[in-house]
Amino acid sequence: MSAKLTLYYFVGSMPSRACVILSKVLNIPIELRSINLYEREQHSEWYKKLNPAKKVPVLIDGDFILTESRAILAYLVDTRHPGNSLYPKDEKKRAAIDERLHFDGSSVFPKISNVFQSRVMGKSETECKKTFRELTAVVKTLEEFLSKSEYFAGNGMTIADISIFPNVTASLEFLHFRI
Ligand SMILES: N[C@@H](CCC(=O)N[C@@H](CS)C(=O)NCC(=O)O)C(=O)O
């Protein structure tokens, strides 16, 4: 029998939300434990032992600790629903999904994070505008990807869609409402 899963998360965190969404889509029971980023709980000694990077989300599966949302998404499918079309075993399909997950993690999410941080940290208008421009550019690339296939990584929904979804909704809020 599989061990009980626990996810340390924060409701305002896009990577955390992707993991929660996947657990709901696949009906995977996970105990959710909130880490209050505003109160800097991620810097507490006990949490740093789970994730030295001091970030959410973190998944606990028995004595196994996993950080990084996209790794968590892949692990949840592989261990709880192996072969599911959200992250299939076929090498090429999987590589295409991995490609988009990496694009999301290395290009999309950091740009959103920069917009948010420049606002929260009260950076200069010039700096804020720069982060908006960079986010706009990456959203355009994203639109190009999406114009070529129905879903983010092919013609069916995968964990790449689940990963990008909270980032797209946050980008739209930032860009449209200039948060
Ligand atoms: N690449 C990581 C990013 C995680 C991340 O940046 N989480 C943010 C919330 S969205 C966080 O925990 N920030 C806390 C901090 O930087 O102190 C992932 O996808 O899991």
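Biologist: Which residues of H4 are buried?

Modeller: First, the ground rules. This is a predicted model, where local features need pLDDT of at least 70, side-chain atom pairs count only at pLDDT 80 or more, and totals for chains, interfaces and linings use all residues. Residues are numbered from 1 along each chain as its sequence is written. A residue is buried if 20 or more other C-beta atoms, placed from the backbone, lie within 10 Å of its own; with 12 or fewer it is exposed, and in between partly exposed. In H4 the buried residues are Ile-97, Arg-100, Leu-101, Phe-103, Asp-104, Val-108, Phe-109, Lys-111, Ile-112 and Val-115.

Biologist: How many residues has H4, and how far does it reach?

Modeller: Helices (H or I, at least four residues) and strands (E, at least two) are DSSP runs, numbered from the N terminus. The expected span of a helix is 1.5 Å times one less than its number of residues. H4 covers residues 91-120, so 30 residues, and reaches 41 Å between its first and last C-alpha, close to the expected 44 Å.

Biologist: Where is the kink in H4 centred?

Modeller: A bend is the angle between axes fitted to the seven residues ending at a residue and the seven starting there. Here the kink is about 35° and is centred on Asp-104, which is also among the buried residues.

Biologist: What about H5?

Modeller: Helix H5 (residues 125-148) reaches 35 Å, close to the 34 Å expected. Its buried residues include Thr-131, Leu-135 and Leu-142.

Biologist: In which sense do S1 and S2 pair?

Modeller: Two strands pair if DSSP finds at least two bridges between them. S1 (residues 5-9) and S2 (residues 30-34) are parallel, with five bridges.
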